[in-house]
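Colleague: I would like to go through the labels used for this model and see what each one rests on. Please set the values against the cut-offs.

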Amino acid sequence: SNLINAGRREEALTFFYDDPAGAKLYAEGRALDSTTIDLDQLAALPEGTLGHAYARFMKSHGLTPDVFDGAPADVHEPRAAYIIQRIRQTHDLWHVVTNCETDPAGEVALQAFTFAQLHAPSSGILAAIGMVKGVRHTRQIVRDTVELYRRGLAANKLAVFAWEDHWETPITEVRALLGLPGNPRRVGGYSVGWQSPAKMAA
């Protein structure tokens with residue numbers, strides 16, 4: 001995806017760093033990885049908080065923060081590498097606040113949301129191909145993908161949000177800060193066994 005998105009790198013840098021919130025994240029070296037996240041501590045936070053919801057999501061899906069350690073090795077410009085690293089590190093938080101599942105249908109819908117937010121060509125390609133191939137199984141994927149694309153257009157910029165400052169904040173309030181519905185319906189969860197979006201696009 002780095003190669004596909006390379007043509008709009010300057011646009012991405014402007015999008016992220018012209019926003020004071022994005023510049024602050026970079027200046028402070030903010031990271032969400034095994035050195036900064038303790039899932040057990042977050043899981044101990046009150047139910048309904050962002051941290052508790054994130055820890056529950058990660059644990060229930062067998063995910064750990066260490067998969068996000070370090071910047072991408074194939075991107076040598078530090079500011080560009082940081083954007084890619086930050087998006088990767090917060091991807092599962094995007095799942096949490098949008099209530100998109102991690103099955104192929106949920107991922108396709110989240111890619112549509114991501115494309116609306118970031119205009120990254122790779123996300124648009126995965127969403128479009130995933131929707132077209134998924135409609136063979138059910139038209140629900142079309143409704144979900146279109147809905148999440150529109151939601152991404154309407155929402156505030158998730159890419160520059162300081163998630164780590166809001167672990168103890170009720171998730172409904174976090175969603176309000178992001179311009180998202182407070183209690184969105186579950187998206188996906190009906191496509192277990194389908195090909196992943198990346199394989200659909202292959």
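Modeller: First, the terms for elements and pockets. Helices (H or I, at least four residues) and strands (E, at least two) are DSSP runs, numbered from the N terminus. On a 1 Å grid over the protein atoms alone, a cavity is a set of points where a 1.4 Å probe fits but cannot get out, whereas a pocket is an open set with protein on both sides within 12 Å along at least five of seven lines; lining residues have an atom within 4 Å of a point. This is a predicted model, in which local features need pLDDT of at least 70 and side-chain atom pairs count only at pLDDT 80 or more, while totals for chains, interfaces and linings use all residues. Residues are numbered from 1 along each chain as its sequence is written, and side-chain values use heavy atoms, with hydrogens and water left out.

Colleague: Which element gives the most to the lining of the second largest pocket?

Modeller: H5, with four residues. The elements that give two or more residues to this lining are helix H5 (50–60), helix H6 (78–98) and helix H10 (171–177).

Colleague: What is the volume of the second largest pocket?

Modeller: About 220 Å³, where grid points are joined across faces, edges and corners and the volume is the space filled by probe spheres set on the points. The pocket is lined by 13 residues, and the closest to its centre are Ala-53, Arg-56, Phe-57, Val-96 and Asn-99.

Colleague: What makes up the lining of the second largest pocket by class?

Modeller: Five nonpolar, four polar and four charged residues. Ala, Val, Leu, Ile, Met, Phe, Trp, Tyr, Cys and Pro count as nonpolar, Asp, Glu, Lys and Arg as charged, and the others, Gly among them, as polar.

Colleague: Why is the contact of Lys-157 with Asp-19 called a salt bridge?

Modeller: The term needs a side-chain nitrogen of Lys or Arg within 4 Å of a carboxyl oxygen of Asp or Glu. The closest N and O atoms of Lys-157 and Asp-19 are 3.2 Å apart, so the pair meets the definition. Lys-157 lies in the loop between helix H9 (140–154) and H10, and Asp-19 in the loop between helix H2 (9–17) and helix H3 (20–27), so the pair ties together parts that are 138 residues apart in sequence. The structure holds 12 salt bridges.

Colleague: Is Asp-19 called buried or exposed, and why?

Modeller: Buried means under 20% relative accessible area, exposed over 50%, and partly exposed in between (1.4 Å probe, protein chains only). Asp-19 has 19%, so Asp-19 is buried. Lys-157 has 28% and is therefore partly exposed. The charged end of Lys-157 also sits over the ring of Phe-15, 4.2 Å from its centre; that label needs NZ of Lys or CZ of Arg within 6 Å of the ring centre and within 35 degrees of the ring normal.

Colleague: Which residue forms a salt bridge with Arg-30?

Modeller: Asp-165, with the closest N and O atoms 3.3 Å apart. Arg-30 is in the loop between H3 and helix H4 (39–43) and Asp-165 in the loop between H9 and H10, 135 residues apart. Arg-30 counts as buried at 16%, whereas Asp-165 is partly exposed at 47%. Both residues belong to a network of salt bridges that links Lys-24, Glu-28, Arg-30, Arg-86, Glu-164 and Asp-165.

Colleague: Why is the pair of Phe-16 and Tyr-17 called edge-to-face?

Modeller: Rings of Phe, Tyr and Trp (its six-membered ring) pair if their centres lie within 6.5 Å; planes under 30 degrees apart count as stacked, over 60 as edge-to-face and the rest as tilted. Here the centres are 4.9 Å apart and the planes at 70 degrees, so the pair is edge-to-face. Tyr-190 and Trp-194 carry the label edge-to-face at 6.1 Å and 75 degrees. Phe-16 is buried at 1%, and Tyr-17 is buried at 10%.

Colleague: Which residues form one aromatic cluster?

Modeller: Phe-16, Tyr-17, Tyr-26 and Tyr-82. The charged end of Arg-79 sits over the ring of Tyr-17, 4.6 Å from its centre. A search of the whole structure finds nine aromatic pairs.
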